[in-house]
Amino acid sequence: MKDVQKIPDSSELRPAPTKSAGGRRILIGVAGGIAAYKACHLIRDFKERGDDVRVVPTEAALNFVGAATFEALSGNPVSTTVFDAVDEVQHVSLGQQADAVVIAPATADLIARLACGRADDLLCASVLVATCPVIIAPAMHTEMWLNPATQDNVATLRRRGITVMEPAHGRLTGTDTGAGRLPDPEQIAEFARTIIAGHRVDHNWQGRKVVISAGGTQENLDPVRYLGNRSSGRQGFALAEIAAQRGADVTIVAGNTEALPIPSGASVVRVTSTRDMQEAMNREAADADIIIMAAAVADYRPASVADSKMKKGAADDDLASLELVENPDILKGLVQRRENGEIKREAIIVGFAAETGDETTSVLEYAQQKFKKKGCDVLMANEVGEGKVFGQATSAGWILRRSSDPVVVAPGSKQVVAAQILDVVNEMLEK
């Protein structure tokens with residue numbers, strides 16, 4: 001077996017150590033909107049990772065959540081004004097000392113004040129002096145979010161290097177529904193950690209359509225049983241999150257992924273079987289600019305599906321010996337459709353290879369063989385197995401490209417891995 005760059009085993013498949021282990025300093029800003037209560041979950045998320053959290057609300061935010069709650073959750077005092085702790089020059093030191101600033105929720109008013117460079121409260125002053133990553137999660141009514149003034153302010157902040165997340169779609173205050181909902185705190189925290197880890201997510205994919213398959217497919221045996229796998233769909237949804245935050249129009253063709261929160265602004269097409277996924281992918285990919293097959297599809301399906309539950313131990317026990325037939329190769333079929341002109345010829349197609357090695361061939365060698373066979377532009381190769389990748393919060397592996405050496409992807413969260421994969425895609429788009 002050839003010498004290859006080693007990926008750590010399952011015991012090492014966890015995010016790379018960060019300053020969190022010694023207390024990364026996270027400044028969490030909270031503006032005065034009804035979604036302020038969600039900041040409590042965000043604070044706890046960072047605290048449970050070992051971070052030192054300092055909460056800086058606006059005066060309006062304290063109308064929704066009291067200072068005592070923020071202090072109890074963070075373990076630090078709460079201030080809103082630049083005139084507190086003047087002897088410590090707090091209005092400067094908080095921003096200077098922070099390893100990241102995360103503002104959630106950010107109202108239209110706060111975004112406007114930040115865009116103007118105001119420093120009339122402790123939060124704005126802290127952002128103005130911060131040289132660390134600043135991540136803003138807006139929350140407001142749809143009309144406010146879409147107002148040209150807000151959009152101009154958001155564009156100004158992004159131009160200055162501040163990361164402004166796309167808001168989620170969903171139920172707002174009262175009976176309103178639309179864009180402007182604060183993403184789930186877990187989504188904000190994971191996205192922020194991706195930015196803190198050094199992965200820029202520029203908002204430069206506006207007007208591009210991205211189609212991503214995610215999760216495992218299920219092949220029915222009878223009305224009760226099915227053939228499936230351990231895929232959770234987390235990697236596909238992480239890719240969708242990063243693509244959506246880049247400004248793309250994202251569609252997820254999702255297998256068994258009901259437990260996952262939908263990424264901000266993405267739409268989801270639910271499917272069950274591999275043939276269902278093939279049909280949906282062929283339809284959605286027709287006008288796509290980027291196509292990613294991250295789903296763990298079933299390679300085989302039962303030759304026939306029983307109308308009623310098959311009985312164990314019966315004279316004609318079909319469970320004892322199942323006849324299987326091969327499912328279509330969706331990834332290879334998409335490449336062929338591109339060659340035939342049924343998909344944009346300039347579309348970038350990304351595949352995944354979930355592999356295990358053996359005595360003669362390594363995981364990477366199997367993946368390289370698959371890459372050549374499939375004909376896609378990029379392939380992410382993972383070593384799978386008990387406690388590896390499937391159903392886990394972390395991943396690792398190699399990114400394969402044509403005429404390039406494999407790039408080792410170190411163990412990290414699936415969103416960090418997603419950012420690395422889409423960085424490669426972005427490089428190809430810019431050529």
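Helices (H or I, at least four residues) and strands (E, at least two) are DSSP runs, numbered from the N terminus. The model is a predicted one: local features need pLDDT of at least 70 and side-chain atom pairs count only at pLDDT 80 or more, while totals for chains, interfaces and linings use all residues. Residues are numbered from 1 along each chain as its sequence is written, and side-chain values use heavy atoms, with hydrogens and water left out.

**The eight-stranded sheet**

Eight strands form an open sheet in the order β12-β11-β8-β13-β16-β17-β18-β19, with mixed pairing. The edges are β12 (267-270) and β19 (407-413); each has a single partner strand, so one side of each is left without a neighbour in the sheet. From one strand to the next the twist averages 20°. Strands count as paired if DSSP finds at least two bridges between them. β17 pairs with strand β18 (residues 394-401) in the antiparallel sense, over four bridges. Val378 has Arg401 in β18 as its bridge partner.

Helix α12 (residues 363-374) lies across β16 (348-355), β17 and β18, and runs at about 50° to β18. Axes here are lines fitted to C-alpha atoms, for helices over the stretch in contact, and angles run from 0 to 180 degrees between N-to-C directions.

**Met380 and Thr361**

Met380 belongs to strand β17 (residues 378-383). Thr361 sits in the loop between β16 and α12. Both are classed by relative accessible area: buried is under 20%, exposed over 50%, and partly exposed in between (1.4 Å probe, protein chains only).

| Residue | Relative accessible area | Class |
|---|---|---|
| Met380 | 1% | buried |
| Thr361 | 13% | buried |

With contact meaning heavy atoms within 4.5 Å, and residues up to four places away in sequence not counted, Met380 touches Gly351, Phe352, Ala353, Ala396, Gly397, Trp398, Ile399, Val409, Val417 and Ile421. The C-alpha atoms of Met380 and Ile349 are separated by 11 Å, the two residues being 31 residues apart along the chain.

The side chain of Thr361 makes a polar contact with the side chain of Thr360 (3.3 Å). A polar contact is a pair of N or O atoms within 3.5 Å; within protein, one must be able to donate a hydrogen and the other to accept it, and residues adjacent in sequence count only if both atoms are side-chain atoms.

**Helix α4**

In helix α4 (residues 108-115), the buried residues are Leu110, Ile111, Arg113, Leu114 and Ala115. These buried residues pack against β3 (100-106), α5 (122-129), β4 (134-138) and α7 (148-159).
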